[in-house]
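Keep the structure open beside you as you read.

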Amino acid sequence: CRRRVVDAVRMAWRCSASGNADLVRNLRKAGVIHTDHVEQAMLKVDRSNYAPQNPYTDAPQPLGHQATISAPHMHAHALELLANHLQPGMRALDVGCGSGYLAAVMARMVGIDGQVVAIDYLSPLVALSLENVRKEDADLLDSGTLQVEQGDGWKGFEQASPYDSIHVGAAAESVPEALLEQLKPGGRMVIPVGTTTQQFCTIDRLPNGNFEQKSLMGVMYVPLVHPPSCI
């Protein structure tokens, strides 16, 4: 199973396209997207509203402030890993929301009866997320399905916890204890872990409260910053 995941992600580097629908279609053909739930949500959120340049190129793009928007294939891969925990009515947390793109897709997945909280420690990125979402996905904010807040990713967002799913978009040298505590039993977190070498991991909270962590593949993400205070 792990080999299939890695092979599909490697194939995804061929998925660049000239438009959002073609990008999603290519990711499906490559096997990175394999559920209708993820495909339909990604079709509803146009990446051009969130990436400052080359939105349909399957590569990371800089956002400024030493932040990036991840490559489309990594977003799709994360969404597939979380798909069973982003069902209608569920609650999710996006740590390091950056452009706001993935949070918007997650919000499309949980629907009007669910909620996604997106946090970033940098106020300019919180403002950027809100600006981007308001372009064509403002209904998510108006309905309360998506909430964007300034916050420390190491501390999560306890006020809306517990969460069925947590996505972390930056690499932590160790798994933040607060995020584990905010994960609902039966829930799942995806997080890159490490410093000079990093592993993309799933962490499942079992019904008895214990945690099961699996390393899926090597990755390279920007670090999850320990802010002295939110900036």
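In this predicted model, M42 touches N20, V24, L27, I33, P72, A76, L79, Y101 and V105, leaving out residues up to four places away in sequence. M42 is also among the residues with the most contacts inside the largest nonpolar core, together with L79, L146 and F200. That core has 54 residues, and α5 gives the largest share of them, 9 residues. A second, separate core also exists, and Y163, I166, L183 and C201 are included in it.

| Core | Size | Residues named |
|---|---|---|
| Largest nonpolar core | 54 residues | M42, L79, L146 and F200, those with the most contacts inside it |
| Second, separate core | 22 residues | including Y163, I166, L183 and C201 |

Now to the helices. How do α3 and α5 pack? Helix α3 (residues 36–44) and helix α5 (residues 101–110) meet at an angle of about 125°, and their axes are 9 Å apart. The two helices are therefore oblique to each other, and their crossing is right-handed. On the α3 side the contact is made by H37, V38, A41, M42 and K44, and on the α5 side by Y101, V105, R108 and M109. Sorted by class, this contact has 6 nonpolar, 1 polar and 2 charged residues.

One more residue to look at: is H85 buried or exposed? H85 sits in the loop between α4 (72–82) and β3 (91–95). With a relative accessible area of 14%, H85 falls under the 20% cut-off and so counts as buried. Apart from neighbours within four places in sequence, H85 is in contact with M90, D164, S165, G186, G187 and R188.

Conventions:
Residues are numbered from 1 along each chain as its sequence is written. This is a predicted model: local features need pLDDT of at least 70, side-chain atom pairs count only at pLDDT 80 or more; totals for chains, interfaces and linings use all residues. Side-chain values use heavy atoms; hydrogens and water are left out. Axes are lines fitted to C-alpha atoms, for helices over the stretch in contact, and angles run from 0 to 180 degrees between N-to-C directions. Helices (H or I, at least four residues) and strands (E, at least two) are DSSP runs, numbered from the N terminus. Angles under 35 degrees count as roughly parallel, over 145 as roughly antiparallel, 65 to 115 as roughly perpendicular and the rest as oblique. A crossing is left-handed if the near helix is turned anticlockwise from the far one by less than a right angle, and right-handed if clockwise. Contact means heavy atoms within 4.5 Å. Ala, Val, Leu, Ile, Met, Phe, Trp, Tyr, Cys and Pro count as nonpolar, Asp, Glu, Lys and Arg as charged, and the others, Gly among them, as polar. Buried means under 20% relative accessible area, exposed over 50%, partly exposed in between (1.4 Å probe, protein chains only). A nonpolar core is a set of buried Ala, Val, Leu, Ile, Met, Phe, Trp, Tyr and Cys residues joined through side-chain atoms within 4.5 Å.
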